[in-house]
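Student: I would like to learn how to read salt bridges. Please take me through them.

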Amino acid sequence: MRWSWNHATDEVWRRLDPGLWEFTQNPWVVLQTVSRDKLRRASADPTFRKKVDALLQARRRAADAPSWFQHDHPQPSLTRIAYFCMEFMLSEALPIYSGGLGNVAGDQLKAASDLGVPVVGVGLLYQQGYFRQVIDKDGAQQALYPYNDPGQLPITPLRQANGEWLRLEIALPGYSVWLRAWQAQVGRVKLYLLDSNDAANFPAHRGITSELYGGGPEMRLKQEILLGIGGWRLLGALDIRPEVCHLNEGHAAFAVLERARSFMQETAQPFDVALAVTRAGNLFTTHTAVDAGFDRFAPALIEQYLGWYAQNKLGISLHDLLALGRANPNDSSESFNMAYLAIRGSGAVNGVSCLHGKVSRHLFEPLFPRWPADEVPVGHVTNGVHMPTWDSAPADDLWTEACGKDRWLGTVETLDRDIRRVSDAKLWQFRTAASTALVEYARERLFKQLAASGASPEAVDGAKHLFDPNALTLGFARRFVTYKRPNLLLHDPERLLRLLANTQRPVQLILAGKAHPADQAGQALIQEWIHFIRRPEARPHVMFLSDYDMLLTEQMVQGVDLWINTPRRPWEACGTSGMKVLVNGGINLSELDGWWAEAYTPEVGWALGDEREHGDDPAWDAAEAATLYDLLEREVIPEFYARDEQGLPAAWIKRMRESMARLTPRFSADRTVREYTEEHYIPAAAAYRRRAADKGGVGRKIVSWRRALEEAWAALRFGELKVETRGEQHVFEVQVDLHDLDPKAVRVELCADGVDGGPPVRQEMKRVRRSAVGSNGSVFGAAVPAARPAKDYTARVIPRRAGVAVPLESAQILWQR
């Protein structure tokens with residue numbers, strides 16, 4: 001599927017069927033439908049054959065060339081990463097995605113291919129995928145579910161050495177499920193997909209993989225069992241033994257259990273040891289910014305579908321299984337949280353932006369009682385987008401001329417300097433052509449959309465004449481859900497109309513987005529926009545393009561001048577749509593949430609918000625809507641239309657250049673995957689290998705250490721705390737009764753909150769002598785600067801063991817009162 005991000009092949013498909021290519025941008029459809037005669041005629045053309053031969057040679061050179069990973073990590077301990085996700089957005093040719101999560105997964109697979117990182121993807125093949133959207137005569141969204149015929153998708157059956165189709169059997173209550181295995185080739189990377197539409201299955205089970213995010217909790221649980229347990233078994237059947245398992249969201253968390261079971265089978269270790277070993281090689285990335293967003297299942301459902309598996313395959317009780325997904329293991333009414341399972345089965349956890357890391361630390365505080373929120377073990381790796389997928393062909397040409405063709409195949413340190421050399425005139429010529437292309441595309445798409453929906457002949461014909469390529473074009477395309485506030489721009493319709501219809505400085509707006517079929521509030525937001533657009537005075541200035549998909553996204557991000565994003569902070573975990581405009585010279589106006597909270601400076605775009613959280617306060621929404629109108633009226637629109645003596649909008653171009661130079665490399669999937677590789681994958685692989693050695697010998701010791709902690713912790717006691725101020729230092733001594741614990745099994749610290757936003761103090765206290773307090777008393781001491789009062793400091797005891805993540809793997813903590 002490398003063609004999905006390589007513009008060099010476009011003219012091949014355009015030659016075979018120009019109309020179908022422009023409509024679908026899908027080579028697989030072109031190849032499926034072109035006649036053999038036409039293929040023969042094209043192949044007989046020397047120019048065409050020369051082009052194809054050149055592309056094949058370029059592909060072979062690219063495959064043989066040393067990658068970033070081979071160059072920077074020539075002798076790695078890392079040979080394979082398994083990347084699990086519920087959805088992958090790779091191309092419109094493979095519609096098994098919904099939105100942001102699939103976008104991140106697909107872009108990271110592509111970047112891994114570019115960089116040579118040894119990743120394999122694991123997901124599900126949906127017979128219908130996510131729904132397709134139609135807007136009816138009343139402006140209401142209608143959901144359609146076309147069938148994904150595997151024979152027309154860019155996938156192949158996964159076959160065993162003897163040629164038989166690889167099938168897996170997964171036990172479910174009553175009937176087993178047979179899973180068929182498929183493969184998509186994503187550049188250097190393979191994506192393995194499982195589906196249950198096998199004729200050998202019980203009829204209800206054939207539909208488990210029918211629809212992405214469809215059905216109720218029971219259907220979702222079955223899908224996640226197939227993804228996690230079935231996915232890990234598939235890797236075993238292929239003799240793929242990853243050191244690292246990357247769980248992209250909690251949907252795949254059952255892979256934690258199956259990986260541990262596999263280790264149990266290989267080594268005859270019990271479950272607790274197997275989990276201690278394998279979790280070191282698991283990474284959990286959470287994309288959820290609100291507690292309600294986590295997948296939860298009723299205990300009875302877990303018992304029904306996994307009770308037998310727990311007892312007979314894992315050797316643990318149902319209570320112990322449920323405890324892995326609960327904040328309180330002994331609360332029999334608490335549901336089973338997939339994110340909690342992922343955390344308890346991983347060696348590292350990360351959010352997807354700096355702000356989201358902070359939000360996630362608060363969300364997961366219940367798992368780490370009495371620990372400060374800033375020490376809850378959740379870091380962050382900010383998402384990025386795969387720039388070669390989202391740039392237009394002219395953008396590719398512009399960046400290639402300035403920065404070289406291999407700019408996304410490794411380090412990106414010089415890109416900002418190189419792109420700054422492009423002249424104002426050339427940048428503006430590029431942007432003008434992009435605006436023209438978008439307007440032409442939008443007119444044609446709206447024309448067909450209105451004709452199909454039964455609109456009046458006047459409205460259908462008028463679509464071909466809407467919009468001005470020279471006018472300021474705003475874009476908003478997101479999932480329509482209340483927290484994203486897609487109707488913030490519509491808060492004052494009359495003010496918006498005045499802004500759009502200004503004859504001296506006209507503005508035009510293109511909207512797109514879907515609401516989940518079960519989300520009535522989101523669908524109402526779409527209908528509100530449609531009714532506004534159908535007002536005669538609004539129709540010339542606003543379009544809603546239906547069936548928001550990858551192809552429409554590409555067209556919009558390549559052509560809009562300004563991308564608008566208005567979520568309620570902090571509910572946007574990252575948000576990648578605005579990143580896609582960067583490489584194409586678009587500018588962002590966004591809420592200070594997700595990625596924009598760390599990307600924004602006044603030189604690169606515009607911002608909404610005060611960096612605080614206001615919930616769903618209607619008064620705050622009204623205030624932000626007013627601010628949005630003010631920004632557009634007083635800053636954005638005047639800057640776009642202000643021209644210098646050469647007729648160029650110099651200030652706009654300056655902002656555009658800074659956005660391209662500073663942000664495009666920083667928010668590329670190239671940077672994200674390199675960060676994952678060096679900060680997570682390589683260390684996780686090394687940690688897993690250490691623990692797995694000697695049939696899990698280190699894991700056995702870790703389990704013994706944890707048991708000793710659990711047995712003794714309740715008996716730990718602080719004794720007397722003494723402090724003396726000696727010159728410029730406070731000298732602390734504290735008595736601690738460690739009961740039966742070895743002093744080396746704990747760390748005693750002196751702690752204080754940070755000052756003026758600075759980092760907190762965590763000063764280790766050294767054991768200085770034995771003490772008469774308790775049965776195993778010791779005195780621990782430390783000195784700190786006397787620049788702040790001694791009363792600011794408190795002592796604590798936490799677990800300590802080399803190579804063990806605390807508090808992720810052992811969350812005990814005792815504070816001196």
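**Reading the salt bridges**

Tutor: Start with E764, which is buried, at a relative accessible area of 17%. Buried means under 20% relative accessible area, exposed over 50%, and partly exposed in between, using a 1.4 Å probe and protein chains only.

Student: What kind of model is this?

Tutor: This is a predicted model, where local features need pLDDT of at least 70, side-chain atom pairs count only at pLDDT 80 or more, and totals for chains, interfaces and linings use all residues. Residues are numbered from 1 along each chain as its sequence is written, and side-chain values use heavy atoms, with hydrogens and water left out.

Student: Which side chain meets E764 in a salt bridge?

Tutor: A salt bridge is a side-chain nitrogen of Lys or Arg within 4 Å of a carboxyl oxygen of Asp or Glu. Here R747 meets E764, at 3.0 Å from N to O. R747 lies in strand β23 (residues 746-752) and E764 in strand β24 (residues 761-771), so the pair ties together parts 17 residues apart in sequence. Strands (E, at least two residues) and helices (H or I, at least four) are DSSP runs, numbered from the N terminus.

Student: Which residues join R747 in one network?

Tutor: Shared partners link E375, R747, E749, R762, E764, K766, R796 and R800. R747 also bridges E749 at 2.4 Å, N to O. E749 is buried, at 5%.

Student: How many salt bridges are found in the whole structure?

Tutor: The search finds 61. One of them pairs E658 with R420, with closest N and O atoms 2.9 Å apart. E658 lies in helix α26 (650-666) and R420 in the loop between α18 (415-419) and α19 (424-453), so the pair ties together parts 238 residues apart in sequence.

Student: Are E658 and R420 buried or partly exposed?

Tutor: E658 is buried, at 14%. R420 is partly exposed, at 31%.
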